[in-house]
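Subject: Structure for your review

Dear colleague,

Please find the structure below, followed by a summary of what was found in it.

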Amino acid sequence: MCGNFIISLDYEKAWGFNDLLQEKQDFDKFLAVDGIVKEKLSLFHEFNIKVTWAIVTGMIDIRTNNELFECNSNDSFFTNCLLLNNVPENTYKCSIDEIVLKGHEVASHTHTHVYCDDDFSQKKYILSDIIKSIETINNISNFNCSTIIFPRNQVNIEILKELKPLGVKCFRGNNSTISDSVTDQTKKTTKVLRYLDSYFPIYPTSYSNVSIHDSGLINIPASRFLRITDYKILNIIHLNRIKREMTNAAVNGYNYHLWWHPHNFINKEIIGFYVLKEILKHFEFLKVQYDFKSSTMEEVYREYTL
Ligand SMILES: [Zn+2]
């Protein structure tokens, strides 16, 4: 059986920092995201790659309904800026027409970027936020939302159990060797080890071994976060580590699941796109040699449940 090359992108603009933004100018850096997304779409098209775009649907359908904001950002600086409309709109809004048109998968990254572990005490609001996200995707596309990727990788089983009746079929689980989850409880040592593992084999590679989760949904775990830095040498070491892992996946028929955010390329566009293009060129080579194939999470789910 041939392996799948899976890319999932957490597309969120300023929403991803809804608890961190403190000043209006903090929004400005997200002005670069539209250009980065456009260039990524063009590269994916060039290499015939289909990607899962996990969207914070607040970017396409902003509700001023307080209940939806109550979970984590009601009365926050971020929410007030949006309600007052006093920061540039394209730092927190987007169009996904091109993503849909090019045949990529649109998945939920919740409606307002809620934190399912950190804010679990507000489960009711988290669920209404996710329901709004699914409804938004179903309304704007001609398919049903079947995939969820949790903000900050806070994969919460109690939330997952509620999602099956809503039509959600699969989710991105955490890397099996060192979790990608970031919560209020994440230790500094975990973050350091995760960082070092981007460059050196601290842990074995987490191939995306698909399984049925206790929640009844299909778990399509992450393999690696694509980490772009300002240091050329680190980017090259990271690139070579990813290419070796991709080769091993292709040769052995494993799945390899890379993920990142479009905003990770801000101010690092040249090196970021160089690294991404090298990865896609390597994928093309593996496709010819070993039938390695590009799949969205939804396609992997369908293949698994055939
Ligand atoms: Zn996110």
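Strand β1 (residues 4-11) runs parallel to β2, and four bridges join the two; strands count as paired if DSSP finds at least two bridges between them. Helices (H or I, at least four residues) and strands (E, at least two) are DSSP runs, numbered from the N terminus. The model is a predicted one: local features need pLDDT of at least 70, side-chain atom pairs count only at pLDDT 80 or more, and totals for chains, interfaces and linings use all residues. Residues are numbered from 1 along each chain as its sequence is written.

Together with helix α1 (residues 33-46), β1 and β2 form a right-handed β-α-β unit; right-handed here means that, with the strands pointing away from the viewer, the path from the first strand over the helix to the second runs clockwise.

Strand β2 is also joined by four bridges to strand β3 (residues 105-108), again in parallel, and V106 in β3 is the bridge partner of W53. Both faces of β2 (residues 52-55) are covered, with T52 and A54 buried on one side and W53 and I55 buried on the other. A residue is buried if 20 or more other C-beta atoms, placed from the backbone, lie within 10 Å of its own.

As for the protein overall, it has 10 helices and 10 strands, and buried residues make up 42% of its 306 residues. Its C-alpha atoms fill a box of roughly 55 × 40 × 40 Å along the principal axes.

Kind regards

Definitions and conventions
Buried ≥ 20, exposed ≤ 12 C-beta atoms within 10 Å, placed from the backbone.
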